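Subject: Handing over the model

Hi,

Here is the structure I promised to pass on to you. Have a look at it first, and then read on for what turned up in it.

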Amino acid sequence: MLETRKAQREDRVSNHEDKDRPSSRIGGFYRMSTRERVDLLVERGVIDAQDAALLRSHGGGLDAQMANQMVENAIGVLELPLGLGLNFKVNGRDYLVPMAVEEPSIIAAVSHVAKIARGSGGFEARAEGNVMIGQVQVVGCEDWDKAREAIEAQRDELIASANALQPNMVERGGGVTGLEVRLIDEGNYQRMLVVHLFIDCCDAMGANAINSVAEGMAPRIEELTGGRVFLRILSNLADRRKVRATCRIPFRDLAWKSFSGKEVAEGIVLASEFAEVDPYRAATHNKGIMNGIGAVCIATGNDWRALEAGAHAYCARDGRYRPMAIWRIEGETLVGILEIPIQVGTVGGPIRLHPTVQLAHKILRIESAAELAEVMGAVGLAQNMGALKALATEGIQRGHMSLHARSVAATAGAKPEELDRVVERLIEDGEIKVHRAREILLAMRASGELEAAG
Ligand code: MEV
C-alpha cells in the first residue's frame, strides 16, 4: 500500500498534464481591481465565466437554504474575503492558493515569500499518508493485563470486522490498517484501556467514518475485555498524518531594504531559537503559521478546528510546547523545516455543498488530500518566514501600515494606477484615514501629479 501511495505521489509530481497548469506567478495582481483579477483568471483558463459570476455574487453562492442544510438554527451566511496566495511552487508544481481570511497582510506576506523561495526551486513537502486514529476507551476491567492480551490476540479479527463496517473506504484503498492497546494507569485517575484503531481515510478528512468504526467496534471490545466501553471518538492528535515541508533559500535572495541577505537569515534563525526556547513566543510563532494554513483550510471547506487542535497538540508532544517550524543556516543558505499533522480532505463535508469551496478546489488543482496537505505545509512555512523576516528587520507594523494605507486609498477612490503614489503620500503624511486619503488624492489629481500614472 505504501509503495502504491509513493508511486501515485511521484506520478502526481511528474504529471505530464502539468504543461497545462497555470503559472502561479501573476505580475501586478495586487494592483488590479477585484474585477480585473477575476477577468484575468478567466483569460488564463483558471476559472470560467460561470465561476467568475459566482465570485462576483454576494454570499459566494451559499444561500440561507444551503446554510440550513449545514447547521442548525441557521439565520444567514457570514462572508469572508477570499484571496489568492501567488508564486507557490511545491514539489515542482505551481499552485494558485485560495485563502479565506479577514486579517490584512497575510496573503501579501505569503505571496512575497513564495516568490523568494521560487528562485531556489520553491518548497518540498511530503505528507506521510492519511491515517487517523479512532479511540475506544474501556473502563472497569477486572484483569487489565488479560483485557489487553485479549484485544491483542484478536487483532486480525478486530481489524477485519472494523473494515466490514466501512466497505466503501476499503474499496477506495483505505480502511483500518492496524490497532494498538494502551493501558493508562496514572496515580489518582481511574485506570483505563484505550484501543487505538489506525484508519486510512484516503481523500476524506474521515471524522464520520472513524467515529462510526469506533462506535461499531465497541460491543466486541466489551466482550473481549469484560470491561465497559465509554468514549468512542477520533483523536485530533493525528500524528500519523504529518506533513514535513522544507525550503532552502540562498542568502543572495534574502537581502531586504538596507539588510543584507546574511543579516536577514541570521535574524530569522534568532527568531526561530526564541520560539524553540520559549513557549510564550512559540504560541505567537505558531499563530502566524496557522494564519496561512487556517486560511487555506477554510477556503477548501475543511475543519480548521480539527487541524488547529492536532497541530498544537503535536507541538506539545514531549511535554513542552514547541514551534511548528524552525530555521537554520547551512553554509550560505537559510533552511526552513515545518512538521505538523494536517488532517484535511478533498471529498465530503462542505466540499460537496459549498459552491465557492468547490471553486477553490478547482483553482488549486489538487488531486488528493495528501497533496492538499503538502500545499498547506508549504503555505505554513512561507507564512512563518514572512512574519519572521518582517519581525527580524523593520518590524511588523510598517508592512501592515502600507497595506492598510493601500486599502484606505482604494476606499477613498484612488484608481489602481494611482494607488502606489497616493499610498506613498499617505504614509508620509502619517494620518491614514479615508478623509485624508480623499484630500490627498484630489490635490494630487489637481496638481497633475497623477497624470503619468493614468
Ligand atoms: C500576526 O497575525 C502573526 C504574527 O504575530 C506571527 C509571529 O509573530 O510570528 C506576526
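This is a predicted model: local features need pLDDT of at least 70, side-chain atom pairs count only at pLDDT 80 or more; totals for chains, interfaces and linings use all residues.

Residues are numbered from 1 along each chain as its sequence is written, and side-chain values use heavy atoms, with hydrogens and water left out. Helices (H or I, at least four residues) and strands (E, at least two) are DSSP runs, numbered from the N terminus.

Salt bridges

Back to that pair: Lys262 forms a salt bridge with Glu266, with 3.0 Å between the closest N and O atoms. The term stands for a side-chain nitrogen of Lys or Arg within 4 Å of a carboxyl oxygen of Asp or Glu. In general, side chains of opposite charge can pair when their charged atoms come close. Lys262 is partly exposed at 46% relative accessible area, and Glu266 is partly exposed at 39%. Here buried means under 20% relative accessible area, exposed means over 50%, and partly exposed is in between (1.4 Å probe, protein chains only).

How many salt bridges does a search of the whole structure find? The search finds 28. Another of them joins the side chains of Arg248 and Glu330, at 3.1 Å from N to O. Arg248 belongs to strand β8 (residues 242-250) and Glu330 to strand β9 (residues 325-330), so this pair ties together parts that are 82 residues apart in sequence. Arg248 is partly exposed, with 43% relative accessibility, and so is Glu330, with 42%.

A further salt bridge is the one between Asp420 and Arg406, whose closest N and O atoms are 2.4 Å apart. This pair links distant parts of the chain, with Asp420 in helix α17 (residues 419-429) and Arg406 in helix α16 (residues 396-411), 14 residues apart. Asp420 is partly exposed at 31%, whereas Arg406 counts as buried at 15%. Salt bridges that share partners join Arg31, Arg406 and Asp420 into one network.

Eight residues from domain 1 and seven residues from domain 3 take part in the contact, where contact means heavy atoms within 4.5 Å.

About 630 Å² is buried between domain 1 and domain 3, and carbon and sulfur atoms give 53% of that. Buried area is the accessible area (1.4 Å probe) that two parts lose on being put together, summed over both. On the domain 1 side, Arg31, Ser105 and Glu394 lose the most area to domain 3, together 61% of what that side buries.

One salt bridge is found across this interface. Arg31 and Asp420 form a salt bridge too, with their closest N and O atoms 3.1 Å apart.

Some single residues

Arg56 is found in helix α3 (residues 49-56) and is partly exposed at 33% relative accessibility. Leaving aside neighbours within four places in sequence, Arg56 is in contact with Arg35, Val38 and Asp39. Arg56 and Arg35 are 21 residues apart in sequence, and their C-alpha atoms are 8.0 Å apart in space.

His354 sits in the loop between α13 (350-353) and α14 (355-364), and at 16% relative accessibility it counts as buried. Its contacts, with neighbours within four places in sequence left aside, are Gly60, Leu62 and Met70.

Finally, two backbone angles to look at. Most residues other than glycine have a negative phi. Cys202 has a positive phi of about 50° although it is not a glycine; Cys202 lies in the loop between β6 (192-200) and α9 (207-225) and is buried at 5%. Arg365 also has a positive phi, near 55°. Arg365 is in the loop between α14 and α15 (369-392) and is partly exposed at 29%.

Enjoy exploring!
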